Amino acid sequence: MSGDTITQPHHPSCAPGRAARELGLKRGELDLAVHLGLIRTVPDEGGGGRRVLRSEIERMSSEAGFPDALRERVKVAGTTQGADLMHVSAGRFTRLARLGLVVPVKWYLNRYRAVVWLYRAEELKQVAADENNAPLLKARRMPEALRAMLDTGVDLRPRNWRGRHRGFLLRLAEDPWESAGALAAFLDPVHIAEIVPDPYERSHLNRFRPGPPTSGAPGSPSAHLAERLMTADDPDEISLLRADLTAALEEARDRRPAPRPATRRVPTPAHPAPPGPARPEDLEPPRGLLSRLRRRARGGAC
């Protein structure tokens, strides 16, 4: 081998299932740790998906309090457990979540196809410990302005979850097209068609557009509900996404334009050869015609 040959460094890695076992986590807990940016992953070049670097496993294993400290960082709580952690009633916890004081990190559909929101337990404890939040947690009645918002039906849980999930997808993006796809994942097809009118470019963008993290079979009620939760519905949120997607697409086009079908070249038909000089016999009328013309000139019948 030549001494100036450049070789790509090899970074040992393992599949997510094995990484979860070595870190003492359930698979869902490992996914959440990746989602939160606690554990870095790399693309699986062989079969798609993601892999966990061996160096990441070693780094997490060497931290103080491992594995219990790591489990605490990815522990989640539903409404009842979250209310207990914050020392409030379940009803008040739900109202605080609707107002956006606490932000869900994930969700799932129960057997009744109802959305169950889950929150990071560590964050709930931090919110409860902040003295600035005491009026919202301990007062008998919430401030009038907040109660008026709740009366109008405000619920920021879907939007706040989308914002969190968008950050996760953008962290995984490794080029502008993947970033554009991550942003497009939260817009409905009508908005995407308006921003990307070119069908070839739109088809290329959709290759990088991830679907909801939880869904049922295509076309099922669960899949439709998951798609609805994934799609922005607030005008301000939609406007921000459209602006960000437009900027990401400009960068993607400059870096690598979307592929298009090869243009077929139609062969140009050969031009006929120009006529040569006329021959004397070609200029003479046919003999029968010449006789008739002479008789007509003499006044005879034709």
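Predicted model: local features only at pLDDT ≥ 70, side-chain atom pairs only at ≥ 80, totals over all residues.
**Glu237**

I began with Glu237, which counts as buried because its relative accessibility is 4%; buried here means under 20% relative accessible area, exposed over 50% and partly exposed in between, with a 1.4 Å probe and protein chains only. I found Glu237 in helix 15, residues 235-255. Helices are DSSP runs of H or I with at least four residues, strands are E runs of at least two, and both are numbered from the N terminus. Leaving aside neighbours within four places in sequence, Glu237 is in contact with Arg159, Arg162, Arg166 and Ala232; contact means heavy atoms within 4.5 Å.

Residues are numbered from 1 along each chain as its sequence is written, and side-chain values use heavy atoms, with hydrogens and water left out.

**The whole chain**

I then looked up the totals. The protein chain has 17 helices and six strands, and 32% of its 302 residues are buried. Of the contacts with a separation of 6 or more, 66% link residues 24 or more positions apart. The accessible surface is about 19,300 Å², and carbon and sulfur atoms hold 53% of it; the areas come from the Shrake-Rupley method with a 1.4 Å probe, and for residues only the protein chains shown count as cover.

**Arg98**

Next I checked Arg98, in helix 6 (residues 90-98). Arg98 and Leu150 lie 52 residues apart in sequence, yet their C-alpha atoms are 7.7 Å apart in space. Not counting residues up to four places away, Arg98 touches Leu150, Gly153, Val154, Asp155, Leu156 and Arg157.

**Two sheets**

I went on to the strands, which pair if DSSP finds at least two bridges between them. Three bridges join strand 2 to strand 3 (residues 50-53), and Thr41 has Val52 of strand 3 as its bridge partner.

The other open sheet I looked up also has three strands, in the order 4-6-5 with antiparallel pairing. Strand 4 (76-77) and strand 5 each have a single partner strand, so one side of each is left without a neighbour in the sheet. Strand 4 is joined to strand 6 (residues 115-120) by two bridges, with Ala77 opposite Tyr119. Strand 5 is joined to strand 6 by five bridges; Trp107 has Trp117 as its bridge partner, and Leu109 has Val115. Strands 5 and 6 form a hairpin with five residues between them, and Arg113 in the turn has a positive phi of about 60°.

**Helix 2**

Which residues of helix 2 are buried? I noted Leu30, Leu32, Ala33, Val34 and His35. Their cover includes helix 1 (16-22), strand 2, strand 3, strand 4, strand 5 and helix 10. Just after helix 2, Gly37 takes a positive phi of about 85°.

**The largest pocket**

I finished with the largest pocket, whose volume is about 920 Å³. On a 1 Å grid over the protein atoms alone, a pocket is an open set of points where a 1.4 Å probe fits, with protein on both sides within 12 Å along at least five of seven lines, and lining residues have an atom within 4 Å of a point. Grid points are joined across faces, edges and corners, and the volume is the space filled by probe spheres set on them.

Of the 32 lining residues, the closest to the pocket centre are Arg50, His165, Phe168, Leu169 and Leu172. The elements giving two or more residues to the lining are helix 2 (27-35), strand 2, strand 3, strand 5 (104-109), helix 10 (157-172) and helix 11 (176-184). Helix 2 gives the largest share, seven residues. By class, I get 18 nonpolar, seven polar and seven charged residues in the lining; Ala, Val, Leu, Ile, Met, Phe, Trp, Tyr, Cys and Pro count as nonpolar, Asp, Glu, Lys and Arg as charged, and the others, Gly among them, as polar.
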